[in-house]
Amino acid sequence: MLLSRQLATKKAKGKGQSQAKVNISAALVEDIINLEETSEDMQAVIEALKEDFSRSLSVRTSPGALDHITVMTKDGKFPLNQLGQISQKSPQLMIVNMTDFPESTAAAVKAIRESGMNLNPEVDGTMIRVPIPKVTREHRESLVKLAKQSTNKSKEALRKVRSKSITQVKKFKNKVSEDTIWLLEKQIQQMADEASTEMDKLLAAKTKELLG
């Protein structure tokens with residue numbers, strides 16, 4: 001499957017220029033690589049980062065913030081909201097009712113304490129009281145550090161998607177023209193760069209939100 005040399009030459013003139021964009025039709029190269037799948041894999045990394053930001057990094061603790069805390073029980077891992085009923089009694093206090101799974105109360109307390117949300121739960125029978133701490137500047141800055149760490153991990157996952165795709169393209173270097181290989185590698189890098197830029201924007205917005 002060859003792309004026209006005319007297209008390759010036109011794009012090559014812009015090599016090294018940030019404004020030179022490659023936009024290969026996915027149908028033209030489907031025998032080499034599924035570019036739509038690569039795009040979906042990169043988007044999945046971005047969505048996972050968004051979810052992490054939304055679920056774990058907030059200065060406003062709400063019942064929903066506790067839902068997906070992972071609890072290690074003797075029967076395996078479970079989200080907290082599958083083991084206990086979570087409610088907010090006041091702006092300063094949340095309650096987790098562990099009546100349905102009392103044997104998991106200690107594990108739930110441990111998970112809440114180690115969630116990175118600056119929470120110090122207290123046990124009262126099968127009820128877990130979770131006081132909501134006053135948000136300090138130090139806590140806000142700590143959350144920003146966590147946001148940066150999450151972003152870096154996501155960028156590493158993005159690099160793996162890019163590398164996997166480029167490796168797939170290189171398998172065809174003896175079957176298609178050098179121009180085709182070069183264009184595809186440039187397209188994949190371009191997709192990765194755009195995804196990385198979106199992550200940077202998400203981090204900037206989250207940092208602004210956390211620091212208030």
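Lysine 155 touches Ser196, Met199 and Asp200, leaving aside residues up to four places away in sequence. Contact here means heavy atoms within 4.5 Å. Lysine 155 sits in helix H6. At 17% relative accessibility, lysine 155 counts as buried. Buried means under 20% relative accessible area, exposed means over 50%, and partly exposed lies in between (1.4 Å probe, protein chains only). Accessible areas come from the Shrake-Rupley method with a 1.4 Å probe, and for residues only the protein chains shown count as cover.

This is a predicted model: local features need pLDDT of at least 70, side-chain atom pairs count only at pLDDT 80 or more, and totals for chains, interfaces and linings use all residues. Residues are numbered from 1 along each chain as its sequence is written, and side-chain values use heavy atoms, with hydrogens and water left out.

Serine 196 lies in helix H7. Its contacts include Lys155 and Leu158, not counting residues up to four places away in sequence. Serine 196 has 19% relative accessibility, so it counts as buried.

How are H6 and H7 arranged relative to each other? Helix H6 (residues 137–170) and helix H7 (residues 178–211) pack at an angle of about 170°. Their axes are 10 Å apart. The two helices are therefore roughly antiparallel. Angles under 35 degrees count as roughly parallel, over 145 as roughly antiparallel, 65 to 115 as roughly perpendicular, and the rest as oblique. Axes are lines fitted to C-alpha atoms, for helices over the stretch in contact, and angles run from 0 to 180 degrees between N-to-C directions.

By class, the contact of H6 with H7 has 15 nonpolar, six polar and 11 charged residues. Ala, Val, Leu, Ile, Met, Phe, Trp, Tyr, Cys and Pro count as nonpolar; Asp, Glu, Lys and Arg count as charged; the others, Gly among them, count as polar.

Valine 176 occupies the loop between H6 and H7. Valine 176 is buried, with a relative accessible area of 10%.

Threonine 167 is in helix H6. It counts as partly exposed at 46% relative accessibility. Its side chain reaches the backbone oxygen of serine 163 at 2.8 Å.

Threonine 99 is in the loop between strand S4 (93–97) and helix H5 (105–113). At 48% relative accessibility, threonine 99 counts as partly exposed. What does the side chain of threonine 99 make a polar contact with? The partner is the side chain of asparagine 97, at 2.4 Å. A polar contact is a pair of N or O atoms within 3.5 Å; within protein, one must be able to donate a hydrogen and the other to accept it, and residues adjacent in sequence count only if both atoms are side-chain atoms.

Threonine 70 belongs to strand S1 (residues 70–73). At 47% relative accessibility, threonine 70 counts as partly exposed. Threonine 70 touches Lys77, Phe78 and Ala111, residues up to four places away in sequence not being counted.

**C-alpha separations**

| Pair | Separation in sequence | C-alpha to C-alpha distance |
|---|---|---|
| Threonine 167 and glutamate 185 | 18 residues | 9.4 Å |
| Threonine 99 and glycine 84 | 15 residues | 7.3 Å |
| Valine 176 and isoleucine 32 | 144 residues | 9.2 Å |
| Threonine 70 and asparagine 81 | 11 residues | 9.3 Å |

**The chain as a whole**

The chain has seven helices and six strands. From the N terminus on, the order is α-α-α-β-β-α-β-β-α-β-β-α-α. Helices (H or I, at least four residues) and strands (E, at least two) are DSSP runs, numbered from the N terminus.

Of the 212 residues, 37% count as buried. The chain exposes about 12800 Å². Carbon and sulfur atoms supply 49% of that area. Which share of the contacts with a separation of 6 or more comes from residues 24 or more positions apart? Such residues account for 67% of them.
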